[in-house]
2 protein chains.
Amino acid sequence: MKIDGIDKIIIKMLVKDARTPVLSIAREVGISGAAIHQRLRKLEKSALIDGYRMTINPKSLGYNTTAFVGVFLDSSSLYSSAIKRLKEIPEVVESHYTTGNYAIFIKILCKNNEDLMHILNKNIQNIKGVSRTETFISLDQQIDRQISI
Amino acid sequence: MKIDGIDKIIIKMLVKDARTPVLSIAREVGISGAAIHQRLRKLEKSALIDGYRMTINPKSLGYNTTAFVGVFLDSSSLYSSAIKRLKEIPEVVESHYTTGNYAIFIKILCKNNEDLMHILNKNIQNIKGVSRTETFISLDQQIDRQISI
DNA sequence: ATTGAAACTCACAAGGT
DNA sequence: ACCTTGTGAGTTTCAAT
């Protein structure tokens, strides 16, 4: 899969705004909309494009607290059952099986510290095999981006 | 800002595919395209919708390794200069100022372990004020989603 | 808040180089 | 393999309800 300058413009414009019309891109590049359309189909088939998503602003829903939680498991054999339970907690937006001290490392979005405490104590600590957790609260996020092309 | 069932369908369809035509949504809910269009404009103005983004598949570019790195800073006064340097490293896709042991907590996407080592040793450890780092490599990601509406 | 119609813009299949 | 044309489909505005 080789990507030329035109493809890069297509990708750059759609990463910024996924609803940009193909013809706007066409005008920018200087070729027809159909040509852009064809290139886009090829990029989509090539698996380079994962999809187009609307992103919701969590703050507008009152979700003002981001936290990372390292989860200790009694036994790694409990991993898949723990994941199943974590999927049922909507505030858990990412989960990773990581090297290092923790068995599972998760990212949580919640409304405030009280809400976070509730999720930790009632939802996560109750999961079978979870012995202990360590929490890092994000006070400020300065970088949030995709890998560059 | 109040959100009814129709808004939820609009949001749900666009979260899944941001390029879904307004008329497809209109057919799904059974009202006119103009009505959907008007609701969408209102949702966009309300800040609930953050934007529409194309997502790139990092694996298709050879980025197969995700890691979290806790960064220790000599002094918290070096925070903003360190962030400035971190922004120059394209592999750093997230940065947080966190409570707990670390001053800065970052997420890195890189091609392989050798690449990761290079970024840690040459790029991050070289930043003024960075004394030490702790790295967690993600071996498996099971959850990756947005906050639900 | 929703509609239908008008004017405009776009997407995509078919065909040309 | 890459491009343009043509046309059916989609978007957007607006007066009316």
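Predicted model: local features only at pLDDT ≥ 70, side-chain atom pairs only at ≥ 80, totals over all residues.

**Where the two chains meet**

Let me start with one pair of residues: A:Glu94 stands opposite B:Asp144 in strand E5 of chain B. Residues are numbered from 1 along each chain as its sequence is written, chains are lettered from A and ligands numbered from 1 in the order in which they are written, and side-chain values use heavy atoms, with hydrogens and water left out.

Staying with that strand, E3(A) and E5(B), residues 130–144, pair in the antiparallel sense over 5 bridges, where pairing asks that DSSP find at least two bridges between two strands, and where strands are DSSP runs (E, at least two residues) and helices are runs of H or I with at least four residues, both numbered from the N terminus. In this pairing, A:Ser95 has B:Ile143 as its bridge partner in E5(B). Within chain B, E5(B) also pairs with strand E2, residues 65–73, in the antiparallel sense over 8 bridges, and there B:Val71 has B:Thr133 as its bridge partner.

How are the two copies related? Chain A can be laid on chain B with an RMSD of 0.1 Å by a turn of 180 degrees and a shift of 0.0 Å along the axis, the superposition being by least squares on the C-alpha atoms of residues with pLDDT of at least 70 in both. That is the relation of a two-fold axis, and the same surface serves both copies, since 100% of the contact residues of chain A recur in chain B. The contact, meaning heavy atoms within 4.5 Å, takes 63 residues from chain A and 63 residues from chain B.

As for area, about 6000 Å² is buried between chain A and chain B, of which carbon and sulfur atoms give 57%; buried area here is the accessible area (1.4 Å probe) that two parts lose on being put together, summed over both. In chain A, the residues that lose the most area to chain B are A:Arg19, A:Met54 and A:Ile147, together 15% of what that side buries.

Finally, the count between the chains is 2 salt bridges, each a side-chain nitrogen of Lys or Arg within 4 Å of a carboxyl oxygen of Asp or Glu. One of them joins B:Glu94 to A:Lys107, with the closest N and O atoms 3.0 Å apart.
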